[in-house]
Amino acid sequence: MSPTSPTRVVVLGGTSGIGLAVALAAARTGAHVVVGSRSAKSVGHLPATATALPVDVTSSESLRSFFAEVGRFDHLVYTAGDALVRAAIADYDPERARRFFDIRLFHALDSMRAALSTLSPTGSITLTSGAAAYRGGAGRLLGSAVSGAVNSAVRSLAVELAPVRVNAVAPTVVRTPLWSGMAEEDRERMFALVGGGTLLGRVAEPEDVAKAYLHLMDQDYTTGTVSLVDGGAVLT
Ligand SMILES: NC(=O)c1ccc[n+]([C@@H]2O[C@H](COP(=O)([O-])OP(=O)(O)OC[C@H]3O[C@@H](n4cnc5c(N)ncnc54)[C@H](OP(=O)(O)O)[C@@H]3O)[C@@H](O)[C@H]2O)c1
């Protein structure tokens, strides 16, 4: 983002984890950032140039009010998500699977729709998928499937929305509050195990992943792509 042309960045899911790291990194470049989530009003650690507005991405009406309040802006980042579901096909539950897709794919698309009329024609949209799209594993069915769906959606959306650019970031395991449902000891063991299986020997920090979103906002000749941020995990 050029410091001579201040940009406005909206991060849906920007109050925690990856989205919060994107918001903080974008604010450091001089961008004016709006973070949106259900608890946005209570976010205390954002810089003065950032605004927090409540929105529930599962509600089209909430999205409409949110974007009406935001007004014109340049870049949309979507990182809203909830706890990961690891389940074998033998334990497949259609309702749980649908909910998993809802926030990661269907409401991401509805958020884009709601944003279109106020998004700059020279701006960008960056969605979130996951490295599970590239490397399967027992219990990773839903993560793999939804990540592949987001990656594919990006290619059609880039064609349809050009010159607005549409890309996605595909992280491997990132140390964020998404994992807070696990007992600390189990979580740290999992981070060590997964991190040890990467070429770089550790899981990602939110700041590692935020750099990819910043790059895709700034790189104005890239569209329809997926930026894999996995420490080389898919090569091991
Ligand atoms: N962390 C990882 O290891 C990892 C790896 C690969 C992919 N991903 C994907 O990356 C995305 C972000 O993950 P994260 O680790 O940053 O998660 P996180 O720390 O739990 O943050 C999720 C964000 O989404 C917001 N959110 C949840 N439901 C919402 C709703 N209905 N409306 C608006 N905002 C909502 C949350 O805020 P409120 O609760 O206040 O609404 C929060 O700001 C997820 O889709 C996840 O699957 C994560």
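Reader: Which residue just after α2 takes a positive phi?
Author: That is G71, with a phi of about 75°. Helices (H or I, at least four residues) and strands (E, at least two) are DSSP runs, numbered from the N terminus. The model is predicted, with local features needing pLDDT of at least 70 and side-chain atom pairs counting only at pLDDT 80 or more, while totals for chains, interfaces and linings use all residues. Residues are numbered from 1 along each chain as its sequence is written.

Reader: And which residues of α2 are buried?
Author: In α2, which covers residues 60-70, the buried ones are L63, F66 and F67. Buried means that 20 or more other C-beta atoms, placed from the backbone, lie within 10 Å of the residue's own, exposed means 12 or fewer, and partly exposed is in between.

Reader: Why are they on the same side of α2?
Author: Because they cover an arc of only 90° around the axis, taking the directions from the helix axis to the C-beta atoms.

Reader: What covers them, and what is on the face turned away?
Author: The cover includes β2 (32-37), β3 (50-54) and α3, counting contacts as C-beta atoms, placed from the backbone, within 7 Å. The face turned away from the buried side carries E61 and A68, which are exposed.

Reader: Changing topic, what order do the strands of the open sheet have?
Author: The 7 strands run β3-β2-β1-β4-β5-β6-β7, with parallel pairing, where a pair needs at least two DSSP bridges between the strands. At the edges are β3 and β7 (226-229), each pairing on one side only.

Notes. Contact = placed C-beta atoms within 7 Å.
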